[in-house]
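Work through the exercises below with the model open. Each task is followed by its solution.

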Amino acid sequence: MADVTVTEFLLFHQKKSPHATGKFTGLLYDLILSCKTISRRINKAGLLDILGGTGVINVQGEAVQKIDDLANSIMIYRMERSGAMCAMSSEENPDLIRIGPEFPRGDYIMIFDPLDGSSNMDVNINIGTIFSIYRRPEGCTGEVRLEEVLRKGENQVAAGYCLYGPSTMLVLSTGQGVHGFTLDPGVGEFLLSHPDMKIPEQGWIYSCNEGYREKWDAAARECCEHFHKAPSSKGGAYSARYVGSLVADFHRTLIYGGIYMYPPYKGRPEGKLRLMCEANPLAFLAEQAGGAATDGHMRILEKVPTQLHSRTPLFIGSKKDVEAVGEIYRKHAAD
Ligand code: AHG
Ligand code: MN
Ligand code: MN
């Protein structure tokens, strides 16, 4: 049978990657198990009492959905028992999550958004889990210090997401390209469905929340206007798409190409998206797939986070489309 399971794929790659030790592969198994557990709960959401808000506002100033809480607990429970982690950081937790003395510890640090796009949950629209994995810096021992976690995205050893859509998909990179797996719910296994994913050099879709247009600065407005007027990869006009779940908007961009933009706006000078749990992992995937990701001025992966929940503007997708944005920002900076 030609089906390649994610397990088989990881074991094969373990031989080739300098990072992929048995412990690292074990970490990925547990991460995949967490995602499968979340996927199962989400599939039954309308039948369980897990839709709607908790009434709590999180560290990001956003309403916590019941499903955010559930996904966060599933991730923390499974990963703190994996034996591979020394610390974690979640979009839903204000501080570093340390691994208690009752659990075996390893050298990896995971930063994650347990559920991205959760406000779309109540209307049954795609959402996902985004993760970013680092190895603890060489020579560090004892309790993990914040400085060990606040590192540039280019230090990631793996990143990916699990998309809960019409089918559940895992998209993963350990630094050797980007590979997509689709969950066969009958056997409960992810099977390789999208090997070696590449973002087209230019696309035909632009994606941003144009409702904020009046709050954007002149450069962001011009970026949007550029995609209204410039010829797309198909020769005609660009099309607009915006799901409002970053993970779903990124997944479309990875497959079809084009650009996803979340510029800063009045009242949010760094935009809304989180550098460490959203922008970095997706930027790692974009670059591994031959695309690009910037904040308009610099590569996302070179940005130094100043805090766990630092935010960043994000322009991500096809190389040529992201370059067009860079040119517009350079022109505005020189004016
Ligand atoms: P989260 O659900 O993890 O808080 O993330 C929501 C984010 C992201 O998924 C999406 O692209 C963006 O919020 C949408 O924001 P706007 O409603 O401001 O467009
Ligand atoms: Mn998110
Ligand atoms: Mn979230």
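**Exercise 1.** Find which element gives the largest share of the shell around ligand 1.

Solution. Start with the shell: 18 residues surround ligand 1, each with a heavy atom within 4 Å of it. E5 gives the largest share, three residues. Strands E5 (108-116) and E13 (259-262) each supply at least two; strands are DSSP runs of at least two residues, numbered from the N terminus.

This is a predicted model: local features need pLDDT of at least 70, side-chain atom pairs need 80 or more, and totals for chains, interfaces and linings use all residues. Residues are numbered from 1 along each chain, chains are lettered from A and ligands numbered from 1 in written order, and side-chain values use heavy atoms, without hydrogens and water.

**Exercise 2.** Locate ligand 1 relative to the domains.

Solution. Domain 1 (6-194) and domain 2 (205-334) both give residues to the shell, so ligand 1 lies between them. The bounds come from an automatic or database assignment.

**Exercise 3.** List polar atoms that approach oxygen atoms of ligand 1.

Solution. Take N or O pairs within 3.5 Å. A side-chain atom of Asp113 lies at 3.0 Å. Next come backbone atoms: Leu115 at 3.3 Å and Leu246 at 2.9 Å.

Note on methods. Polar contact = N/O pair within 3.5 Å; in protein donor to acceptor, adjacent residues only side chain to side chain. Helix = DSSP H or I, 4+ residues; strand = E, 2+ residues; numbered from the N terminus.
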